[in-house]
Amino acid sequence: IYLFSYLAFLFVSTVILFYFFLANLKMYFLFTFLKVFCLILPIILAIAFFTLMERKILGAIQRRRGPNVVGLWGAGQAFADAGKLLFKETLVPSSSNFIIFLLAPIFTLILSLLSWAVIPVGAALVANLNVGILFIFATSSLSVHGIIMSGWSSNSRYAFLGALRAAAQMIAYEVSLALTIMPVFILAGSLNLVEIV
């Protein structure tokens, strides 16, 4: 009887501890998801409204009206463009590798948004890495693979040559960016962006 009650106590205590551990783990993932959402949403909205501002300025330069139909002063144009982009028919070349062709832009978008995780933007800092600058360089250099994947998966020589040219241009810009940022972290004595800022 004592052995049975001891095993029952161990089982119940293990279940309770596991339940609290799972609850804390769920809260941790929920909190991390909220931090990522609070970081990415302003970035995407800023990109949308910078595009709107660019279109309005280009309209003024060319002496024509810019986007002014959707919403108040054209403010809904960014959301209309996003909706058009999401619901547009996807044209996939018949001889392409379908899965890689659709995953390549998603891969590139995820990598471009992933580098924002280590940039200290108030309380929305997702990851405080000691090698934050190297993480940004790594994610930006991995995005070259998304461009190569999209060109290769289309199974067209011209698309693949265009992807190779774009990859060469991205690598060239990364080298000059690395040489520009190098004096900053040498003088700061750290690769952690929180300490540099």
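Modeller: Let us begin with asparagine 155, which is placed in the loop between α4 and α5; please keep in mind throughout that this is a predicted model.

Colleague: What makes asparagine 155 count as exposed?

Modeller: The relative accessibility of asparagine 155 is 53%, and exposed means over 50%, so asparagine 155 counts as exposed.

Colleague: How do you know that the length of helix α4 agrees with its number of residues?

Modeller: Helix α4 covers residues 132-153, which is 22 residues, and at 1.5 Å a residue it should span 32 Å; the C-alpha atoms at its ends are 32 Å apart, so the two values agree.

Colleague: Which residues of α4 are buried, and what do they pack against?

Modeller: The buried residues of α4 are Gly132, Ile133, Phe137, Thr139, Ser143, Val144, Gly146, Gly151 and Ser153. They pack against α3 (98-114), α5 and α6.

Colleague: Why is serine 153 called buried?

Modeller: Serine 153, which lies in helix α4, has a relative accessible area of 1%; buried means under 20%, and therefore serine 153 is buried. Leaving aside neighbours within four places in sequence, serine 153 is in contact with Ser96, Asn97, Ile100 and Phe101. Serine 153 and asparagine 97 are 56 residues apart in sequence, and their C-alpha atoms are 5.0 Å apart in space.

Colleague: Let us turn to the loop between α5 and α6. Why does asparagine 192 count as buried?

Modeller: Asparagine 192 lies in that loop and has 5% relative accessibility; because buried means under 20%, asparagine 192 counts as buried.

Colleague: What makes the approach of asparagine 192 to asparagine 128 a polar contact?

Modeller: Their side chains are joined at 3.2 Å, and a polar contact requires a pair of N or O atoms within 3.5 Å, one able to donate a hydrogen and the other to accept it, so the pair counts as a polar contact. Leaving aside neighbours within four places in sequence, asparagine 192 is in contact with Asn128, Leu129 and Asn130.

Colleague: Is serine 190 buried or exposed, and how do you know?

Modeller: Serine 190, in the loop between α5 (157-188) and α6 (193-196), has a relative accessible area of 14%; that value is under the 20% cut-off, so serine 190 is buried. The side chain of serine 190 makes a polar contact of 2.9 Å with the side chain of glutamate 195. Not counting residues up to four places away in sequence, serine 190 touches Phe185, Glu195 and Ile196.

Colleague: Is glutamate 195 buried or exposed?

Modeller: Glutamate 195 lies in helix α6 and has 54% relative accessibility; this is over 50%, and therefore glutamate 195 counts as exposed. The C-alpha atoms of glutamate 195 and asparagine 128 are separated by 9.9 Å, although these residues are 67 residues apart along the chain.

Colleague: How many aromatic pairs does a search of the whole structure find?

Modeller: The search finds one aromatic pair. Phenylalanine 49 and phenylalanine 79 form this pair, at 5.8 Å centre to centre and with 80° between the planes.

Colleague: Which helices have the lowest and highest confidence?

Modeller: Confidence is lowest in α1, at a mean of 74, and highest in α5, at 90. For the protein chain, the mean pLDDT is 80, and 85% of the residues reach 70 or more. Where pLDDT is low, the predicted coordinates should not be read in detail.

Methods. Residues are numbered from 1 along each chain as its sequence is written. Side-chain values use heavy atoms; hydrogens and water are left out. Helices (H or I, at least four residues) and strands (E, at least two) are DSSP runs, numbered from the N terminus. Buried means under 20% relative accessible area, exposed over 50%, partly exposed in between (1.4 Å probe, protein chains only). Contact means heavy atoms within 4.5 Å. The expected span of a helix is 1.5 Å times one less than its number of residues. Rings of Phe, Tyr and Trp (its six-membered ring) pair if their centres lie within 6.5 Å; planes under 30 degrees apart count as stacked, over 60 as edge-to-face and the rest as tilted. pLDDT is the predictor's confidence in each residue, from 0 to 100.
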